[in-house]
Amino acid sequence: MLFEVWAPDANSAALWLAGARRAMARDGERAGWWTVEAEASDGDRYGFVLDADGGEGGGKGGRRRADGTDGGRVLPDPRSRRQPDGPDGASAVVDHSAYAWRNAWPGRGLPGAVLYELHIGTFTPEGTFDAAAARLGHLTALGVTHVSLMPVCPFPGTRGWGYDGVAPWAVHEPYGGPVGLKRFVDTAHGLGLAVILDVVHNHLGPSGNHLPAFGPYFTDTHHTPWGSAVNLDAPGSDEVRAYLLGSALAWLRDYRCDGLRLDAVHALADSRALTFLEELSAATDALSAEQGRPLALIAESDRCDPRTITPREAGGIGLHAQWNDDFHHSLHTALTGESQGYYADFAAAPLAAVAKTVTSGFFHNGTYSAFRGRTHGRPVDIARTPAHRFVGYAQTHDQIGNRARGDRLAATLSPGLLACAAALVLTGPFTPMLFMGEEWGARTPWQYFTDHTDPALAEAVRTGRRREFATHGWAADEVPDPQDPATRDRSCLDWSEPEREPHARLLAWYRRLIALRRTLPDLSDPDLASVRTAFDEHARWLAYRRGDLRIAVNLDGRPAEIPLGGGRRGGGGGRVVAAWEPVEAPGGGGLLHLPPESCVLLADD
């Protein structure tokens, strides 16, 4: 088989395979590339050795490289498909053709979808692909259509969120490695579930990153919260882009994932005329056409820029959807009354913020943001932008785990308010997304946890997190230690909860709402311009119309009288389709009496 590596600054390169070294030759057609043919089988360990033949700087181990590393050391393949001994160990050959896929899969698009964000390491106590796959029947019974996996690339240690991954082509071995991921995707497809995979292109983790030894994968032209930026526009960036594009397409092709969630695309430093994201969009669409199944790119972006999800032919970047934090923030402030940090922009009139977001796409569409100290966002052309391009949610890994104690909404809100949150997410215009366990009001927290093997880094993360929350009034002993294995263990779902109250009732409510979204066309109507809203900030109720349906929520602890008026077709106030608490349909005058902390879905007569 052909072994190849891009190392443009190396004077020599060798393949280390099964304990023996083989000299590599420069590729005459590709600058900076080294190649060699060698016999190898699935599972064989290998790596690359750069500048082991002495030269400038000399010494037993080879010359000292400009990046400060010693030549002569066996390094893992930047395009390694498997790191069986962790990021610092040797790579292993992966024969993708060896896996026999069990289920033919036509694919599943985003329109009409319901997403479910899932972390393999805490979805079950075992924290493996196989254990998670055994629980996928719960998701089919719930009615979701897409599983959105948090990152699965290798990182140091066993436990972690996955955003400190350092091998973008490989799969974390403790989860089950490449074959484990394939079994998970295969099982999901057999159950009718699509799989979205979270990938990180804006940085690599602080430990186990060997890319700088090979070439200019990073640049000091830009600086990010993680240090030097991934090189998307400086000299050498053509190969870096190809590296990331190849990784992204491999998840879609070799593992048959149905899409990618792109982490924090606003943090990609890219000044080129043709951006990396546009290249990725075009390549993904081409692969979709080639394979005859829909493939989706879902961005996390805080820019509130509709060009992110505008098709390329219309002058946009061409991603297929994006997370909508504006919807989350307005809903969160309406439910909790919190006003710290970025919630301050929404807290003055949270129901008005919810209403604006579900009709305009973004809350910040050219408005002033006090949190940022400047104007933020850009208006969405709601006549041309389908609502399914926005992903709406009440909870995510970020919005829970980045709190000091990782507390979910269920830790402080009543079941009734949790039901209202579900109603607004699942009957709203956006593509709904749930965070694992939300559907039954899980009481387990989801905390920030790490397993850094470098003691200095582990202590820096521990003290840094406590220092961060100390500025918000938290004592050090109130902030969980990320390195303590118990922090991860506390974050695992308790699968006995859905069987008992009050969890079972909330789970039934989620199932009911998802079933209605699937059967009532008005709930999947992509037309944002058709959504009509009404609200009362003081009385804390909000109602909106979607076609022949009306949704009303009362977030207050007192009963609410909501003047809905007559049905769109005339006649009375409609009939009750679903309600959290017993409620009568409004009479001829259209006045709805809604119990405290409750919600209802009505249909016109």
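Q: Which residues in α7 meet which ones in α11?
A: Phe327, Leu331 and Leu335 in α7 meet Leu417, Ala421, Leu424 and Val425 in α11, where contact means heavy atoms within 4.5 Å. By class, that contact has seven nonpolar, no polar and no charged residues. Nonpolar here covers Ala, Val, Leu, Ile, Met, Phe, Trp, Tyr, Cys and Pro; Asp, Glu, Lys and Arg are charged, and the others, Gly among them, are polar.
Q: Before we go on, what kind of model is this?
A: This is a predicted model, where local features need pLDDT of at least 70, side-chain atom pairs count only at pLDDT 80 or more, and totals for chains, interfaces and linings use all residues. Residues are numbered from 1 along each chain as its sequence is written, and side-chain values use heavy atoms, leaving out hydrogens and water.
Q: OK, new topic: which residues does the cis peptide bond join?
A: Glu501 and Pro502, with omega about 5°. Pro502 is in the loop between α13 (485-490) and α14 (503-519). Helices are DSSP runs of H or I with at least four residues, strands are E runs of at least two, and both are numbered from the N terminus.
Q: Why point that out?
A: Because most peptide bonds are trans, and most residues other than glycine have a negative phi.
Q: And Asp51, is that buried or exposed?
A: Asp51 is buried, at 0% relative accessibility (buried is under 20% relative accessible area, exposed over 50%, partly exposed in between, with a 1.4 Å probe and protein chains only). Asp51 has a positive phi, near 55°.
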